[in-house]
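Subject: Structure handover

Hello,

Here is the structure I promised to pass on. Please open it beside this email and follow along as you read.

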Amino acid sequence: NTYGPKFDNYSAKSFKIDAIEEKKKYNFVKSTLEISDGTRVSFAFRIKRDKIDNKFKIIDVIVEKVSLIITQKSEFSSAIAQSGISNFLKKMQEKVKNQRIKNND
């Protein structure tokens, strides 16, 4: 739900997993994506096994050495600084509610 929409506008010819590094708390997956114009993009993502359903979940995506989770934390900090924690939490609750409604459709 977090990372998927960020990649909606990309179409790929191929996707390749280049290496997997097992860490204590997560696995680090190095990958290459070839987009439709032939450009190759190297990126990585962190995956972690979910404690509830035991499936792997993507917890971060790193493109061009930029972590989406760090970028998102920065966006959250900025939003909190601008409107306060109460307004931020209200907006987040509304987004969660809307996502649940969307997923049930």
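The side chains of Thr32 and Asp18 are joined by a polar contact of 2.5 Å. Keep in mind that this is a predicted model. Where does Thr32 sit? Its place is in strand E2, which covers residues 27–35.

Is Thr32 buried or exposed? Its relative accessible area is 14%. Thr32 therefore counts as buried, because the cut-off is under 20%.

Next, the strand pairing. E2 and E3 run antiparallel and share eight bridges. Within this pairing, Glu34 stands opposite Arg40 of E3. Four residues lie between the two strands in the hairpin of E2 and E3. Gly38 in this hairpin has a positive phi near 95 degrees.

Move on to the next pair. Strand E3 spans residues 40–49, and strand E4 spans residues 56–63. They too are antiparallel, with seven bridges joining them. Which residues face each other here? Ile47 has Ile58 in E4 as its bridge partner. Lys48 has Lys57 in E4 as its partner. The hairpin of E3 and E4 has six residues between the strands. There, Asn54 takes a positive phi near 65 degrees.

Now the helix. H1 runs over residues 68–104 and has 37 residues. How far apart are its end C-alpha atoms? They are only 27 Å apart. A straight helix would reach 54 Å, at 1.5 Å a residue. H1 also has a kink of about 115 degrees, centred on Gly84.

Last, the whole chain. It has one helix and five strands. Along the sequence, the pattern reads β-β-β-β-β-α. The chain has 105 residues, and buried ones make up 18% of them. Its accessible surface comes to about 8600 Å². Carbon and sulfur atoms hold 52% of that surface. Take the contacts with a separation of 6 or more: residues 24 or more positions apart account for 16% of these.

Best wishes

Key
Residues are numbered from 1 along each chain as its sequence is written. This is a predicted model: local features need pLDDT of at least 70, side-chain atom pairs count only at pLDDT 80 or more; totals for chains, interfaces and linings use all residues. Side-chain values use heavy atoms; hydrogens and water are left out. The expected span of a helix is 1.5 Å times one less than its number of residues. The bend at a residue is the angle between axes fitted to the seven residues ending there and the seven starting there. Two strands pair if DSSP finds at least two bridges between them. Buried means under 20% relative accessible area, exposed over 50%, partly exposed in between (1.4 Å probe, protein chains only). A polar contact is a pair of N or O atoms within 3.5 Å; within protein, one must be able to donate a hydrogen and the other to accept it, and residues adjacent in sequence count only if both atoms are side-chain atoms. Contact means heavy atoms within 4.5 Å. Accessible areas come from the Shrake-Rupley method with a 1.4 Å probe; for residues, only the protein chains shown count as cover.
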